[in-house]
Amino acid sequence: DDKDGGEGGADASMDMGGKSKAQRTHHSCKVTDLIREDLIQAGASIIFRNGPEEGKLFEDGKVEYKGETLKSVAAFAAIAHQAMGGKGKVSSWKNVRVVGVNNRTLGYFRDKYEYMFGLAS
C-alpha cells in the first residue's frame, strides 16, 4: 500500500536521492514553487486522497473549491478532510493529489523539486 503516493513498487520507501522517506528533511517549498517550475500546472484539478472532494489549483497557490476561493492547498485539505468525516490535522503534502498525473501527491512533486535543486537531505 503506497500511503503517500510515492513511486510505488519495492522502492516506495526510498526517495530519489536514495534516502528513506523517514530520514528526509524537507526544505521550504511552496505549491507556487512547483507551479513556477512546471512540475504541476496552474488550472490543474486536485483531489483529496482519492476523491470525491475536488478543487482547481490557481497560479498563486489558491484553490477553487465548491465555488469558493480558498487561500491555500492546506485550507482545501482541511475542509475536504472534514467533509469526508475526518477529524484533526491533515497533511496537504501527503493527501492532496494532482489529477491526471497518475494522481501523484503534492509530496511527490515536492520531492522532485528538492531533488532538482539539490535541497534533498
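Tutor: Happy to! Arg36 and Asp33 lie 3 residues apart in helix α1, so about one helical turn separates them. Helices (DSSP runs of H or I, at least four residues) and strands (E, at least two) are numbered from the N terminus. This is a predicted model, in which local features need pLDDT of at least 70 and side-chain atom pairs count only at pLDDT 80 or more, while totals for chains, interfaces and linings use all residues. Residues are numbered from 1 along each chain as its sequence is written, and side-chain values use heavy atoms, leaving out hydrogens and water.

Student: What do the side chains of Arg36 and Asp33 do?

Tutor: They meet in a salt bridge, at 2.9 Å from N to O. The term means a side-chain nitrogen of Lys or Arg within 4 Å of a carboxyl oxygen of Asp or Glu.

Student: Is Asp33 buried or exposed?

Tutor: Asp33 counts as buried because its relative accessibility is 12%. Buried is under 20% relative accessible area, exposed is over 50%, and partly exposed is in between (1.4 Å probe, protein chains only).

Student: How many salt bridges does the structure hold?

Tutor: There are 3. Another one brings Glu37 and Arg36 together at 3.5 Å, N to O. Then there is Glu53 with Lys66, at 3.6 Å. That pair links distant parts of the chain, 13 residues apart: Glu53 is in the loop between β1 and β2, and Lys66 in the loop between β3 and β4 (68-70). Glu53 is buried at 10% relative accessibility, whereas Lys66 is exposed at 64%.

Student: Which residues do shared partners join into one network?

Tutor: Asp33, Arg36 and Glu37.

Student: New topic: which residues touch the most other members of the largest nonpolar core?

Tutor: Val31, Leu34, Ile40, Leu57, Phe76, Val96 and Leu106, out of 25 residues in that core. A nonpolar core is a set of buried Ala, Val, Leu, Ile, Met, Phe, Trp, Tyr and Cys residues joined through side-chain atoms within 4.5 Å. Elements that give two or more residues to the core include α1 (31-36), β1 (45-48) and α2 (73-83). The most come from α2, with 5 residues.

Student: And what does Val31 touch?

Tutor: Leaving aside residues up to four places away in sequence, Val31 touches Ile40, Leu57, Val73, Trp93 and Leu106. Touching, or contact, means heavy atoms within 4.5 Å.

Student: Why is α4 largely enclosed by the rest of the structure?

Tutor: Because 8 of its 11 residues are buried. Among them are Leu106, Tyr108, Phe109 and Tyr113. The buried residues of α4 pack against α1, α2, α3 (92-95) and β5.

Student: OK, strands now. In which sense do β1 and β2 pair?

Tutor: Antiparallel, over 3 bridges. Strands count as paired if DSSP finds at least two bridges between them. Ser45 stands opposite Lys56 in β2. The two strands form a hairpin with 5 residues between them, and Arg49 in the turn has a positive phi of about 55 degrees. β1 also runs antiparallel to β5, joined by 3 bridges, and Ile47 has Arg97 in β5 as its bridge partner.

Student: Last one: what pLDDT does the chain average?

Tutor: The average is 83, and 77% of the residues score at least 70. pLDDT is the predictor's confidence in each residue, from 0 to 100. Over residues 1-14 it is below 50, and that stretch has 26 contacts in the model beyond near neighbours in sequence.
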